[in-house]
Amino acid sequence: MDSPGNQPKSGYIGPALFSVILHLGIAGLAFLGWSAHTPPTPVVPHMQAMVIDAETLKQMTKPQPKPAVKKEEPKREEEQKKQQDQEKQRQEELKRQEQAKQEAERKAAAEKKREQEAIALKKKQEEERKKKEEEKRQEDEKRKAEEKKQAEEKRKAEEERKKKEAERKKKEEEKRLAEQKQKELERQMKEAREKKRQEELKKAEELKMAQEAAEYERRLQEQLEAESSAQRQQRELTEVEKYKALIYSSLVQAWLQPPGEIKGLKAELQLQLLPTGELLSVKVVKSSGNSAFDQSAIGAANAVRKYSVPSDPSLFNREFRNVTIIFSPK
């Protein structure tokens, strides 16, 4: 039994041997036919190799039965039939070889097509890979450009923010200085107003003091004048006579004359006065004899709200706390 490594080699030996035998047989038949008939058709010897499997080789290498020895004529017919069979078999073998060749060419073409398709696929995949790499490169460049753009925008935004912040601080400082200046100005104005008000108050106080001094001087002058006048009146009338005359005058002015004849009537009244000149009580200490007249005198005394009395307390207590008036109006 052949080993697996020797199987392909023995597979080629059988067909080669069969081909040699087949061509030798054909050559022999041709030689016999040429010698028995008219010039035979020259057969161009050739050798053609073909690939057959082990079963075909076994059939082909199977020993052929040896033809029985016949008589000359039957032998020729048998030989011709044999040649025809062999020719048929050869034609079939050629046809099969042709089909095998076509199958091999179809497989080769299919293999070539597959290889071309594989190459095309590989090329396409390579192109796609390059395309993806190019797209990725473009995406990376685009992303980097976008990142650079964003970084630039961020930088500009940061610069703008810092600029605005500086402007805001500058404005705040200017505002603070302006407010400080305004406060200082207001403080100075307030101090000026306060100083002016104090000066005005001082002037008003000085004016008031001057007015009061003038008023005091005027009152003092009036008092001096009054005292001078009283001293002058005192020279004419005594104080007692003066105030009694004033009290009597007040009674006369307040008196309401009763009906009837009153001529010659006199009523002696006693008035009890307060230091303020107000009447505390009144009574008739000596009647006029006419009750109506007496009552009119009492009514007149009550009608006076305030009597003139001396301001000297000792004189008042002595002469006017209880003063007697003879009422006899004319």
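1. Helices here are DSSP runs of H or I with at least four residues, numbered from the N terminus. Helix 3 spans residues 72-236 and contains both Glu93 and Arg96. The model is a predicted one.

2. In total, 25 salt bridges are found in the structure. Side chains of opposite charge can pair when their charged atoms come close. The points below take up several of these contacts.

3. Glu93 and Arg96 form a salt bridge through their side chains, at 2.3 Å from N to O. Three residues, about one turn of helix 3, separate Glu93 from Arg96. Glu93 has a relative accessible area of 14% and is therefore buried, the limit for that class being under 20%. Arg96, at 30% relative accessibility, is partly exposed.

4. Arg106 and Glu103 are also joined by a side-chain salt bridge, with an N to O distance of 2.2 Å. Arg106 and Glu103 are three residues apart in helix 3, so about one helical turn lies between them. Arg106 counts as partly exposed at 47% relative accessibility, and Glu103 counts as partly exposed at 31%.

5. A further salt bridge links Arg137 to Glu134, where the closest N and O atoms are 2.2 Å apart. Because Arg137 and Glu134 are three residues apart in helix 3, the separation is about one helical turn. The relative accessible area of Arg137 is 36%, which makes Arg137 partly exposed. Glu134 is partly exposed at 31% relative accessibility.

6. Beyond these pairs, there is a network of salt bridges that links Lys136, Asp140, Arg143 and Glu147.

Note on methods: Residues are numbered from 1 along each chain as its sequence is written. This is a predicted model: local features need pLDDT of at least 70, side-chain atom pairs count only at pLDDT 80 or more; totals for chains, interfaces and linings use all residues. Side-chain values use heavy atoms; hydrogens and water are left out. A salt bridge is a side-chain nitrogen of Lys or Arg within 4 Å of a carboxyl oxygen of Asp or Glu. Helices (H or I, at least four residues) and strands (E, at least two) are DSSP runs, numbered from the N terminus. Buried means under 20% relative accessible area, exposed over 50%, partly exposed in between (1.4 Å probe, protein chains only).
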